[in-house]
Each structure stands twice: as C-alpha cells, then as structure tokens.
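Hello,

I am handing over the structure below. My notes on it follow.

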Amino acid sequence: MPNPTLQVFDKNLKRTGTLIDAYGIERRRRLNSDYELSFLVPMTSEDYLEKIQIKGHVRDERGQYYVINTRQRQRDKKKLTSQITCTHVMFKLNDYKVPYDEYIDEAYGIHISTLLNKISAWTGGRFTFQVHDTFDLWDIKDFGRTNALAALNQVVNLYGAEIRPDNFVIHIHKKIGSQTDRYEYRTKKNIISDSFKDDGTGLVTRMFAQMKDGRTWVGMSADNLTAEERSLLQSVPGAIQNGKVMVNYLLSPYVNYWGSDSVPFFDGENIQQDIEDPMELLKSTREELRKKEMPELEVTVTAADLYKIDREEHPPDLGDAATVYDPQMGLQRLGVRIVELTEYPYSIDQHTKVTLANFALKDDIDLLADLERSRKVMDNLLSGGRIRTEVFESAAKQAIVDINNSKTELIYPPEGGILAQEKTNPLEQVRLTSKGLGISTDGWRTVRSAITARGILAETIIGQLGSFVSILIGSGNNVTQINTNGIAAGHANFGSAPFRVDMQGNVVANRLTANSANIYSSNFMNGAIVGSSINVGNGMFTVSSGGHMVAQSGEFRGRISASTIDGGTINGTTIIGASIKTALSGERIELDPYGFVFYDIFNARRVTLGTNPSANISGHTYYNSSSQSQGLIYAIDYELHVIGNNGLRIGTNFGTTYLQGSVHFTNGSSVTGLVLSIGQISGLRSQLDSLQSQIDSLRSTYNSHTHTVNIGTHNHGNSQNQNWGGTFPTSRP
C-alpha cells in the first residue's frame with residue numbers, strides 16, 4: 001500500500017494526481033492567523049513537470065485545500081529542487097475587493113452575522129460563515145474600505161472572535177479548540193525539548209480608557225462596577241465621590257503584588273474609537289486589563305506524536321487548552337493554550353512543534369490586511385518608480401482646509417512674536433518668532449514640532465523631502481552616512497567603515513546575523529569555506545571541492561543515498577533503518593523489519609527469511625522461478641521442521657548422509673530403492689548367525705529320530721475298497 005501523501009488539483013479544484021515525490025511536508029497553523037503548507041519536490045519529477053501549477057491546489061490529510069503560491073527553485077550541483085509554499089484557501093478572501101457602495105461609515109447595534117453575511121455576498125457566496133456562539137451587538141465605524149480579508153479581520157477584532165476555517169466554510173467561535181479535556185505535555189511522556197519565557201514588558205496594573213472623541217466614563221455611577229473593581233478604586237483618594245466614578249481607569253487586583261515604592265502602577269491605555277457608550281467602554285477595558293495584568297507566558301515544545309503509533313492518543317489541535325509539566329524548567333502544570341502548531345503529518349520520525357501561551361500572538365491576518373493597505377497606498381503614491389506629487393498635493397489641500405476651518409485667535413504676547421491659539425482648545429498653539437516656528441499641544445510647556453535655523457524638529461515628517469547628495473547622522477567616526485558611494489556606518493571614511501554597501505550591492509560587515517539568507521557563491525576565508533570546500537573545526541568536518549566529506553562523527557536523520565561505497569565496506573556496530581536493498585531491481589537482497597528476501601535476476605522471489613511471533617515460528621521459505629513456494633524450514637519449540645510442498649530430497653553427491661538419533665516412520669510410510677548389505681545393519685549379522693545355529697541344531701535332532709506309526713484297518717468309507725492298515729516304521733529325512 002503506498003504511503004499517504006498530498007493530493008494535487010488544478011486552479012478549478014479538478015484533481016490532477018498524487019504528489020508521489022513530495023517530501024519535507026510541513027504545515028504551520030496559527031491561532032486566528034496563517035495556515036501555510038510547504039514541501040520539496042525534485043524538478044525532474046513528474047510531480048513538478050506535470051502536476052504542480054501556480055494558483056493550483058493541494059489537499060492534505062485533513063481534507064483542507066491550499067493554494068500553490070510560490071515555487072522556489074534551487075540548484076545544488078546536479079540536484080535540482082523546488083520548494084513549494086501554499087496558503088489555505090481562506091486567504092483567497094484577500095482577492096475580493098469590497099464594492100464602493102457597500103462601505104459602512106457608521107452603524108449602531110450590529111449583529112456579527114450581519115457583517116459576515118455581507119462578506120459572504122462580496123465573494124458571490126463562495127465563502128460562507130457559521131457562527132457557533134452568541135456575540136454581543138457592537139457599534140461599527142468605517143467598515144469595508146479594503147477587501148474581504150481585512151473586513152473579516154475587523155469583525156474578528158471587534159467581536160473578540162476566533163476562526164476555524166474548513167475550506168470555504170469559516171466557523172466563528174468565541175474560543176476554538178477543546179477547553180475541557182486539557183492536552184498534557186509532560187517530561188518522560190511526550191516532551192522531547194521545550195523552552196519557557198515569561199515577559200513582563202507589557203504588564204499593566206492600571207488601565208486608562210477613552211472612547212470616541214476622547215470621552216471617558218468619568219461621572220458614571222459606581223454601581224456599574226463589580227465589587228472587586230469598586231473596592232480597588234475606593235482605596236485611591238477621590239477616585240469615587242458621591243457614588244460616581246471620577247477617574248477613567250481600572251485597577252488590577254494584582255496591583256500591590258507587582259507594584260513597588262518607585263513604580264506603584266504599571267499603566268496602559270485602552271482607546272476604542274468605535275465605542276460611544278460608557279458601559280461598552282467599561283466592558284472593553286475590563287477585558288483588556290484581564291489580558292495584561294499577568295506576565296505573558298510562552299512555551300515552545302517539541303513533543304512526540306504518540307498518536308501516530310497509538311490510536312488511543314489524540315493529536316493536539318489549535319486552540320486546545322493544555323497543561324505543561326517540566327519542574328526543572330519551572331513549569332508546574334502550567335495552564336496555557338495551543339496558539340501555534342508546526343506539523344509533519346506524513347513523516348513518522350518528525351514531531352510536532354507547539355507554541356503554547358496565555359495570550360494571543362500577533363495576528364498574521366492583521367499583518368496581511370495591513371500589508372495590503374500599505375501596498376495600495378504605495379501603488380497610489382508610486383507610478384513607474386516616480387513620485388506622484390498630486391497625492392501629496394491632495395493631502396496638502398486637505399491640511400489647508402483643516403487650518404482654515406480652525407477657530408484661531410492671533411495674540412501678540414509681550415515677550416514678542418506672534419501666537420496663534422485655538423479658541424476651542426487653548427492648549428493648541430503655534431508661535432512665530434525671529435528664532436523660528438514652533439507648534440505645541442500643551443500650552444507651550446513642550447514643543448511637538450519646530451523649524452529653526454539649526455534645523456527641523458518633528459515627531460514625524462510626511463511628504464517628499466527632495467533629493468540629497470549626502471545624509472550624515474552622528475559625529476566623528478560614530479556616524480551613519482548615505483552618499484554617492486552608498487551606505488556606511490562606523491567611520492567617517494566610507495572605505496574604512498566596518499559596515500558599508502556600495503552602489504553595486506557589495507556589502508562589507510564585521511559581523512552578520514541573518515535569520516535567513518541565500519548565498520549563491522561563497523568565499524569564507526577564515527571560516528573556512530573557500531570556493532566550494534568546507535572546513536569546520538580545523539579538519540573535524542571537511543568537504544572537498546570534489547565532494548569528498550570527512551567527519552569526526554555524525555548523526556543522520558532522514559534519507560541517505562549513495563551511488564558507490566569506497567572499498568565496498570562499511571565498518572560500524574549498528575545500522576538501524578526501515579529497509580536495506582543491495583540493488584533497486586534484479587538480483588538482490590532486501591532487508592526490512594519483516595526479514596530477508598532474496599530475488600533472482602528476473603525479480604522473482606526465491607528465498608525469504610523471517611519470523612512469525614503470533615505462531616511462534618521462524619524460518620526460511622524457498623520458491624521456484626515463478627515465485628511459487630516449494631518448501632520451507634522452520635523452527636518451533638523443541639522441533640525443527642523441513643517440509644517440501646511437492647518433494648523432498650536429502651542426499652550427498654560424494655560424502656555420506658548420516659541420520660543421528662532415533663528415526664520414526666509414521667504409519668503408512670513406505671521406502672523404495674533402499675539397498676543395504678547385512679554388514680551395514682548393526683547387529684543383524686549376529687542375529688542371523690544365531691538363528692542359523694538354532695536351525696542346524698533342530699535339523700540334526702530331526703535327522704537322528706525314528707519311530708513307528710500304527711494305522712488301523714480301514715476302507716475309506718467305501719465297502720468295495722480293500723481294508724488295509726497296520727504298523728509302519730518312519731524313514732529318516
């Protein structure tokens with residue numbers, strides 16, 4: 001039976017075959033994020049040449065379809081390989097643009113199904129949604145200005161949902177995965193390796209809040225707070241007055257545990273521009289505080305896939321609640337959720353890599369949606385590699401409109417200059433003096449932006465800055481520079497900089513750390529990888545330019561292929577593997593976990609050697625040229641059986657055949673063609689001589705004995721016969 005593997009389909013989901021030669025199949029799934037599948041395939045194979053098409057599909061063992069998006073070809077000497085990367089069909093939502101007349105600027109009290117039905121309609125009904133839980137109604141703002149995927153991401157974030165895609169049907173839950181039957185990761189059971197990180201960087205014990213137009217819940221009745229929230233705020237003087245909440249924050253019950261004399265609170269802010277109801281803001285802030293009042297815990301585990309060999313074990317799934325027990329790592333039955341899985345569904349010797357956390361990792365749907373928006377912006381700004389200034393002009397015109405619409409009062413203060421102050425918010429000011437122009441939003445206590453003779457100060461600069469011959473940051477040799485030579489850092493002289501990139505793309509760096517890199521040629525002098533040779537550890541591991549490898553020791557996982565073995569000998573103690581063949585076809589010997597098999601030149605099976613534990617036997621079976629069994633030799637407890645299916649011949653060409661021990665012929669046995677002399681049968685000669693002596697003695701006695709016999713007169717019953725009889729002597733023999 002062939003090994004299970006990926007099925008391949010064309011762009012219309014019409015099956016084109018099975019990927020026989022695909023290997024290194026890896027699937028990565030992340031909570032509310034990407035579902036990606038990748039594998040390798042030889043470029044010379046039928047799989048690559050005839051079956052795999054860009055925008056075609058593959059289907060995994062879970063029945064999920066993935067779109068073939070990327071084919072990355074690689075050459076390693078004569079070996080040509082292509083790495084195929086696919087994404088789940090759910091991400092086709094990114095290709096559906098929302099019609100302009102379907103935008104929703106603002107709406108109130110919207111059910112989640114209303115928005116999901118709109119998204120389904122935008123795809124022509126190709127994608128559908130099933131909601132499995134009850135979600136609160138929410139007010140929405142600015143919905144559907146990009147594509148269907150970004151709209152789905154907006155729904156997920158707004159309603160706090162989690163998605164579970166089943167091809168073109170997307171299931172919506174409050175939490176996916178099993179939350180009752182916790183999956184267990186434990187040392188000495190299934191943990192192969194693990195790492196544990198707790199991060200208090202984002203810890204919050206006091207969460208401030210504001211909603212649309214900067215409004216808060218200040219003045220709201222304290223009866224809307226929980227007993228715990230009210231008790232914590234009452235410990236702060238003035239936080240609750242006359243039964244009303246006078247601050248726009250909530251405190252965590254862990255505030256005293258994490259706080260210190262120098263930093264009593266760890267502050268955070270929950271800004272919800274889509275919320276107008278103080279009660280909804282309170283609910284949202286309460287949830288955000290719960291997420292951030294404890295350090296973020298992240299555990300990465302490589303766990304043995306016990307379910308691949310034991311049907312009673314079930315595989316982990318995304319979103320499942322789990323416990324981790326590794327006391328030496330400080331993991332004392334820690335409760336977390338499975339937020340990421342890297343699986344190898346078709347490889348029994350590669351195990352799942354799991355990321356477990358008590359928080360949601362960065363959502364890649366967010367990233368995709370953000371990247372799509374950025375791409376649209378860049379497409380709008382750039383045309384043929386040139387800046388489209390009309391876009392900036394449009395932005396500048398809008399800025400002029402905003403300035404003209406402002407309620408501004410011009411003041412000439414006694415200290416000089418001109419002060420432009422916003423009437424509705426006096427803290428927003430612009431001052432013009434002979435030294436420069438400054439902009440402030442806090443009543444001139446600090447300056448947000450300024451233009452002086454020394455330069456421009458701004459938090460952000462938006463627009464086209466122009467063409468520069470040189471940009472220099474820093475002083476002395478601690479500089480970063482961009483000029484007509486290229487980019488350099490660490491020295492004022494471009495040619496002496498420890499890091500530099502010239503206009504031809506040549507890079508010089510004292511030290512390089514790369515998460516990923518493609519190097520098409522190499523010359524690592526001190527490494528020592530020179531040309532096409534490798535030298536690691538001063539000769540401990542070397543590969544010559546001719547491909548000859550020498551290693552002090554090694555451990556190999558996966559497939560090892562060799563065309564020749566120098567000297568015809570492998571010296572070692574143990575070779576463990578699934579199968580060993582002396583040739584691919586023809587006359588050969590094959591070894592696998594079930595035993596030995598010998599084939600002749602015509603691929604006919606001639607001899608097998610193996611065991612049958614259930615029958616408690618082991619032995620050989622012999623076949624003719626048609627692979628028909630002719631007999632076997634096998635052992636059971638206390639016996640060895642030699643059986644011929646048609647005939648059995650035991651003999652020697654020149655020597656002697658010996659039968660040792662007792663020989664038993666069963667009833668009905670017959671022997672033909674047996675030629676034996678009297679002397680070859682032990683004891684027969686003496687027995688015959690004894691019998692001959694006894695016969696001779698009897699004969700001698702008989703020859704010396706005489707007597708008389710009396711026969712009475714008689715006529716044999718006939719009166720006509722003469723009566724005769726009398727006494728007669730016997731004669732000697």
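Sorted by class, the residues lining the largest cavity are three nonpolar, one polar and six charged. Here Ala, Val, Leu, Ile, Met, Phe, Trp, Tyr, Cys and Pro count as nonpolar, Asp, Glu, Lys and Arg as charged, and the others, Gly among them, as polar. This is a predicted model, in which local features need pLDDT of at least 70 and side-chain atom pairs count only at pLDDT 80 or more, while totals for chains, interfaces and linings use all residues. Residues are numbered from 1 along each chain as its sequence is written, and side-chain values use heavy atoms, with hydrogens and water left out.

The lining consists of E106, Y108, D139, I140, K141, K212, Q273, D274, I275 and E276. Two elements, β8 (104-110) and β10 (138-143), each give two or more residues to it, and β10 has the largest share, with three residues. Helices (H or I, at least four residues) and strands (E, at least two) are DSSP runs, numbered from the N terminus. The volume of the largest cavity is about 40 Å³, and the count of cavities of 30 Å³ or more is one. A cavity is a set of points, on a 1 Å grid over the protein atoms alone, where a 1.4 Å probe fits but cannot get out; lining residues have an atom within 4 Å of a point. Grid points are joined across faces, edges and corners, and a volume is the space filled by probe spheres set on the points.

Next, the sheet. Three strands form an open sheet in the order β18-β15-β19, with mixed pairing. Its edge strands, β18 (249-251) and β19 (267-271), each pair on one side only. Two strands pair if DSSP finds at least two bridges between them. Five bridges join β15 (residues 206-210) to β19 in the parallel sense, and M207 stands opposite G268 in β19. Helix α6 (residues 278-292) lies across β15, β18 and β19, at about 150° to β15. Contact means heavy atoms within 4.5 Å; axes are lines fitted to C-alpha atoms, for helices over the stretch in contact, and angles run from 0 to 180 degrees between N-to-C directions.

Last, the loops. Most residues other than glycine have a negative phi. K77, in the loop between β6 (65-76) and β7 (79-88), has a positive phi near 60°. K77 is exposed, with a relative accessible area of 54% (buried means under 20%, exposed over 50%, partly exposed in between, with a 1.4 Å probe and protein chains only). S627 also has a positive phi, near 60°, and is partly exposed at 27%.

Regards

Definitions and conventions: 1 Å grid on protein atoms, 1.4 Å probe; cavity = no way out; pocket = protein on both sides within 12 Å on 5 of 7 lines; lining within 4 Å.
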